[in-house]
Structure formats: C-alpha cells, structure tokens
Amino acid sequence: MANKVSNHLQPWHRLEGKVVMVTGASSGLGRHFCLDLAKAGSNIDAAARRAHRLNSLCHEINHFTCPNSPPSPNTTVDE
C-alpha cells in the first residue's frame, strides 16, 4: 500500500521533456530538487539570488546530464 501511495505522489518517472521552475535553487531543498528533477529528465528553470551558486548548480546539472559535451549556450545566469 505504501509503495502505491509513494508512486502516486512522486511520479518522477514521467518528467522527460517537462520544464520545471524552482525558486531558491542555489542551496538547500531548492538545489536538491533541481538535481533530482534534472536526473529525472526534466528541463530546469532555476532562480536564486546568489548567482555564483546558481552558476555552480548549472555546471553540475550539465556535467551529469551531458558529461562529454561543452558548456551549453542556453545556460545563463543573469545578475
């Protein structure tokens, strides 16, 4: 029963191609949500006040989603 509820509440297996906006993405739960959602195949639109930490998050996501590719031109951090 618990497994059924868990699968219903967190359908991570159906996120390919979805765009997800995460605020507070530079640290804590927001950062962890971004990493987990990216691993599940979604495209992340991350927002945070600390641009240097947000940039680090973008590089980390790009590294594990496309480890052999150069940095994406679509990854930008507006200050």
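A residue is taken as buried when its relative accessible area is under 20%. In the predicted model examined here, leucine 37 has a relative accessible area of 8% and is therefore buried.

Among the elements of the chain, the highest mean pLDDT, 94, is that of strand 1 (residues 19-23), whereas the lowest, 51, is that of helix 1 (residues 2-9).

Serine 26 is located in the loop that runs between strand 1 and helix 2, and because its relative accessibility is 6%, serine 26 also counts as buried. The side chain of serine 26 forms a polar contact of 3.3 Å with the side chain of arginine 50. When residues up to four places away in sequence are set aside, the residues touched by serine 26 are Arg31, Ala48, Arg50, Arg53 and Leu54.

With a disulfide requiring two cysteine sulfur atoms within 2.5 Å, the count of disulfides is 0. Cysteine 34 takes part in no disulfide, since the nearest cysteine sulfur, which belongs to cysteine 58, is 8.3 Å away; cysteine 58 is likewise in no disulfide. Cysteine 34, at a relative accessible area of 0%, is buried, and cysteine 58, at 15% relative accessibility, counts as buried.

Note on methods: Residues are numbered from 1 along each chain as its sequence is written. This is a predicted model: local features need pLDDT of at least 70, side-chain atom pairs count only at pLDDT 80 or more; totals for chains, interfaces and linings use all residues. Side-chain values use heavy atoms; hydrogens and water are left out. Buried means under 20% relative accessible area, exposed over 50%, partly exposed in between (1.4 Å probe, protein chains only). pLDDT is the predictor's confidence in each residue, from 0 to 100. Helices (H or I, at least four residues) and strands (E, at least two) are DSSP runs, numbered from the N terminus. A polar contact is a pair of N or O atoms within 3.5 Å; within protein, one must be able to donate a hydrogen and the other to accept it, and residues adjacent in sequence count only if both atoms are side-chain atoms. Contact means heavy atoms within 4.5 Å.
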